[in-house]
Amino acid sequence: KILKNYLFYPAQLWPHKDHITVLKAFNKIKTKCNLDLIFTGAKLSSYKDVKNFIEKNKLNDRVKVLGLVKLERLKLLYKNAYAIVIAAKYESSSLPILEASCIGVPVIASNTEPNLELGKYLKILLFKVSNFNDLKKKIFKIYNNRNLKSDMIFYNKKKIKKFEWINVVNQYIKYFNSLK
């Protein structure tokens, strides 16, 4: 059963994806926001810690760990999400930010270098890496300001074209031609 009004974090369950920070923030807001939380991604090395946190804090009815899902279901999870949360401590890039922006879902993301770079072009609510209190504030900010959510969606839908593959390829070609 898919929950309604949910935050969505599509990421493999590895420690550096920092699902625990998301769970800590969610645990603080659960009584103040009518939101649930859904995780997708392979149940890897941090799955046990995630499951233990959910059970210890009695979040089973509000948090779902779906594991790997088929592409069609993934698209629906993106499309119907209240917002996407990206909490990684480090990564080389964040395709879920681009996917969410393309689909029309606002993004709350950790302030890693790649996310800061994307934030130059897209409207993203950035929070301090591993800081669940800062993440909690960003969730409240988007939850309590429908205009902010709409503005982010509208802006990102326009700006996402910069990241279409043909534009990325042209940027690479231009760069490499400048090296001649």
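Mentor: Before we start, helices here are DSSP runs of at least four residues, H or I, numbered from the N terminus. Bear in mind that this is a predicted model.

Trainee: Is Leu179 buried or exposed?

Mentor: Its relative accessibility comes to 53%. The cut-off for exposed is over 50%, so Leu179 counts as exposed.

Trainee: Which residues form a nonpolar patch on the surface with Leu179?

Mentor: The patch has about 480 Å² of accessible area, taking its members together. Besides Leu179, the members are Tyr172, Tyr175 and Phe176.

Trainee: Let's switch to Asn115. Why does Asn115 count as buried?

Mentor: This one sits in helix α5, residues 113–118. Leaving aside neighbours within four places in sequence, Asn115 is in contact with residues including Ile86, Glu91, Ile97 and Leu126. Buried means under 20% relative accessible area, and Asn115 qualifies because its value is 0%.

Trainee: Zooming out, what pattern does the chain follow along the sequence?

Mentor: The secondary structure comes to eight helices and six strands. Read along the sequence, they go β-α-β-α-β-α-β-α-β-α-β-α-α-α.

Trainee: And what is the radius of gyration of the chain?

Mentor: For 180 residues the globule rule gives 16 Å. The chain's value is close to that, so it is as compact as a globular protein of that length. The radius of gyration is 17 Å.

Key
Residues numbered from 1 in each chain as written. Predicted model: local features only at pLDDT ≥ 70, side-chain atom pairs only at ≥ 80, totals over all residues. Heavy atoms only, no water. Helix = DSSP H or I, 4+ residues; strand = E, 2+ residues; numbered from the N terminus. Buried < 20%, exposed > 50% of the residue type's maximum accessible area, 1.4 Å probe, protein only. Contact = heavy atoms within 4.5 Å. Patch = residues over 30% accessible without salt bridge, like charges linked within 9 Å, V, L, I, M, F, W, Y side chains within 5 Å. Areas by Shrake-Rupley, 256 points an atom, 1.4 Å probe, with all protein chains shown as cover. Salt bridge = Lys/Arg side-chain N within 4 Å of Asp/Glu carboxyl O. Rg over C-alpha atoms; globule rule 2.2 N^0.38 Å.
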